[in-house]
Amino acid sequence: MVDEVDVVVIGMGPGGEDVAARLAGAGLSVVAVESRLVGGECPYFACVPTKMMVRATDALGEARRVPELAGRAEVHPDWTPVADRIRDEATTDWDDEIAARRFERTGGRLVRGVGRISAPGEVTVGDQVFRARRGIVLNPGTDPAVPPIDGLAGSPFWTNREAVPSREVPESLLVLGGGPVGLEFAQVFARFGSSVAVLEAQPRLLPNSEPEASEVITAALLAEGIQVRTGNGVEHVKHDGQFEVQLAGGDRLTGQRLLVATGRRTDLRALGVGAVGLDEQSRTIPVDERMRAAEGVWAIGDVTGRGAFTHTSMYQARIAAADILGQDGETADYRAMPAVTFTDPEVASVGLTEAQAEDAGISVRTGSTRIQDSTRGWIHKVGNAGIIKLVADAERDVLVGATVVAPAGGEIIGALAVAVHAEVPVSRLRRMIFAYPTFHRAIESALADLGT
Ligand SMILES: Cc1cc2nc3c(=O)[nH]c(=O)nc-3n(C[C@H](O)[C@H](O)[C@H](O)COP(=O)(O)OP(=O)(O)OC[C@H]3O[C@@H](n4cnc5c(N)ncnc54)[C@H](O)[C@@H]3O)c2cc1C
């Protein structure tokens, strides 16, 4: 039997949940298909539980700074409260009933199972077939990408999906991948007592960030005893009770656990996007500025390749919902896309890096300052390493990008995100009053360094 509905949403990640609720709330008949947990990766295996880990880790890091500032403190890390909090508060023991009920209260219908586009305007879930009068929204998200390294497949490696529910801190951990996910886990487990090595094939950690940011974070991790091996890929993995990896160049490292954090992937073939003329071999589903991917098909979230963040997915959900409802809504503008790696110090960015701005043919001017040279940085003392780097379009006199590495860098970047988003002239930013002595006041020094 075929069910006629207005919209079928495949995948209930943060964006799918948002778009489905908006459309159902507006009175459309909406079927939302979810094969795992309503809410997607973010609340159960990613943003929320990892930031609970980071919160605990930050407390440990600060406690260890007490001797330099405030006397004595004995730190005895215990993973149990972290694991309990993730189980009880973040994920309700990986149960999505609350989220499912929340969606159903909007009037939508949740269908559990794997959804597949079986024909234009048609989605099949097991033996159920849905015809979507207005459209199909794809929010399949991503799965961890596992690189084709000899010996890795079949070994009991971790991805974020095993690391998050873990009730134990491994004695030693090899982290494959020096991107945001790898670095957050590396610092978390190291501060809880694990002996950690980060292995990154590119020449530097956070290869997509400003080189100055990589330098600061590498120094911070090294200072905490984390091994950092860059510039050599892993050629071979062996598991024999413990992991042994061999790097290009011959070095071998061992660890009780191996965490793979080398990017994400989506199986577009399984999603059946070929039925609507999309390339099933592609890594992403390209969309226009209204999230349209094909006739009657919208795509949102990680799969669009416009920044694998929850805020991207929810931003795109709002735009897609307005388009489906026929409202003359906003169109997507990614110029001021923010990103935060929640290490200590936090590495935050918005817009373009210097290299990206140059590649875009912009007449680039940069300005930077060190956090430890600011009054607040000097007061802060231990743990004050950081930078602010601004990237300006000299012709237009506006910022097109910024990076902040600092304590609370993810908060400081907010001010710069406003500047990039609203294209506030640099000359006007220079006339702002920055509260004394805040970390964000260092923006004033970076602006001065931009020159004229
Ligand atoms: C360790 C880690 C930490 C992160 N931390 C942050 C952070 O701090 N901040 C941030 O903004 N982002 C963070 N991210 C990224 C963030 O988790 C994702 O960008 C976010 O979840 C948005 O993804 P999405 O909406 O595309 O879908 P997802 O959250 O991936 O959800 C997609 C859903 O679709 C379902 N699905 C897929 N295919 C089908 C199908 N055929 N039928 C039915 N259901 C299907 C899946 O089961 C899943 O539930 C982190 C990621 C990781 C891995």
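**View 1. Valine 175 and its partner in β14.** In this predicted model, the bridge partner of valine 175 in β14 is leucine 259, and β8 and β14, which run parallel, are joined by four bridges. Two strands count as paired if DSSP finds at least two bridges between them, and strands (E, at least two residues) and helices (H or I, at least four) are DSSP runs numbered from the N terminus. Residues are numbered from 1 along each chain as its sequence is written. Because the model is predicted, local features need pLDDT of at least 70 and side-chain atom pairs count only at pLDDT 80 or more, while totals for chains, interfaces and linings use all residues.

**View 2. The open sheet around β8.** Four strands form an open sheet with parallel pairing, in the order β10-β9-β8-β14, and its edge strands, β10 (227-230) and β14 (257-260), each pair on one side only. Four of the five residues of β8 are buried (20 or more other C-beta atoms within 10 Å of their own, with C-beta atoms placed from the backbone), so β8 is largely enclosed by the rest of the structure.

**View 3. From β8 to β9.** Five bridges pair β8 with β9 in the parallel sense, and leucine 174 stands opposite alanine 197 in β9.

**View 4. From β9 to β10.** Strand β9 (residues 195-200) runs parallel to β10 and is joined to it by four bridges, with valine 228 of β10 as the bridge partner of valine 198.

Methods. Buried ≥ 20, exposed ≤ 12 C-beta atoms within 10 Å, placed from the backbone.
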